[in-house]
Amino acid sequence: MSVFTLTLLLCRSHPHVWLLFCSFSSPQFDKAYAYGIRHMYGKEGKRADYTPYSCMKVILSNPPSQGDHHGCPFRHSDPELLKQKLQFYKVSPSSITQIMELVKGMHFQLACQKYFEVTHNVEDSSFSLSHPNQYFLESQKLLGGGKDIKKEVDAPQRSQETSQNVAEMTEDLDAFFQDG
């Protein structure tokens, strides 16, 4: 199963994960959003390989407006709402204080790193988070008992990759999800 197929299945089967899709039935979803997802994965349109934004790009780019569902939660959320979400996610009060101090100091990536460490019971992670995909991969590695999957490459290297390398990365992810 490809990552593309997995994304479509996730969106269709778990609308609560994707708040944007909550009110859509499957035919409405297919009409309104499936094309966009197929396009992002290079299955439709000009079949381009879109490079996902890094944390800095997400933090520095335009903030989400009313009805948008993107952005960095540590940068673009109201601090009080962020604090409530952290409490809802059962983050300890001392960790919430540390995370909120980092947010107050505009250290959004460090706040995310701290949140990662707290939610994954890691004292001091051996990496520095710089990309949302990296967060996912590191999380999966920890939750999968240390099983390593191929990490995201930097944007300058990405533009030089061949189609074969992209296919190999997709196969690695496919194998990871099939093993789990």
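Select H7 and H8 to begin: these two helices are roughly parallel to each other, a term for angles under 35 degrees, whereas over 145 is roughly antiparallel, 65 to 115 roughly perpendicular and the rest oblique. Their axes cross at roughly 15° and come within 11 Å, with helix H8 covering residues 132-143. Axes here are lines fitted to C-alpha atoms, for helices over the stretch in contact, and the angles run from 0 to 180 degrees between N-to-C directions. Helices (H or I, at least four residues) and strands (E, at least two) are DSSP runs, numbered from the N terminus.

The model is predicted, so local features need pLDDT of at least 70 and side-chain atom pairs count only at pLDDT 80 or more, while totals for chains, interfaces and linings use all residues. Residues are numbered from 1 along each chain as its sequence is written, and side-chain values use heavy atoms, with hydrogens and water left out.

**Between H7 and H8**

Show the side chains of Cys112, Tyr115, Phe116 and Thr119 in H7, which meet Tyr135, Glu138, Ser139 and Leu142 in H8. Contact means heavy atoms within 4.5 Å. By class, these residues are 5 nonpolar, 2 polar and 1 charged; Ala, Val, Leu, Ile, Met, Phe, Trp, Tyr, Cys and Pro count as nonpolar, Asp, Glu, Lys and Arg as charged, and the others, Gly among them, as polar.

Next, select Asn121 in the loop between H7 and H8. Is this residue buried or exposed? Asn121 is exposed, because its relative accessible area is 74%; exposed means over 50%, buried under 20%, and partly exposed in between (1.4 Å probe, protein chains only). Its phi is positive, about 50°, although Asn121 is not a glycine. Most residues other than glycine have a negative phi.

**The nonpolar core**

Now select Phe74, Leu86, Ile99 and Val103, which touch the most other members of the largest nonpolar core, a group of 18 residues. Such a core is a set of buried Ala, Val, Leu, Ile, Met, Phe, Trp, Tyr and Cys residues joined through side-chain atoms within 4.5 Å. Two or more residues each come from helix H3 (55-60), helix H5 (79-88), helix H6 (93-104) and helix H7 (108-119). Which helix gives the most to this core? That helix is H7, with 5 residues.

Centre the view on Leu86: leaving out residues up to four places away in sequence, Leu86 touches Val91, Ile96, Ile99, Met100 and Tyr115.

**Between H5 and H6**

Select H5 and H6, whose axes lie 11 Å apart at an angle of about 155°. The two helices are therefore roughly antiparallel. Pro79, Leu82, Lys83, Leu86 and Gln87 of H5 meet Ile96, Ile99, Met100 and Val103 of H6. This contact has 7 nonpolar, 1 polar and 1 charged residues.

Within H6, pick out Ile96, which counts as buried because its relative accessibility is 5%. Beyond its neighbours within four places in sequence, Ile96 is in contact with Lys83, Leu86, Gln87 and Val91.

End at Lys90, in the loop between H5 and H6. Lys90 is exposed, with a relative accessible area of 74%, and its phi is positive, near 65°.

**The whole protein**

Finally, zoom out to the entire protein, which has 10 helices and 0 strands. Buried residues make up 27% of its 180 residues.
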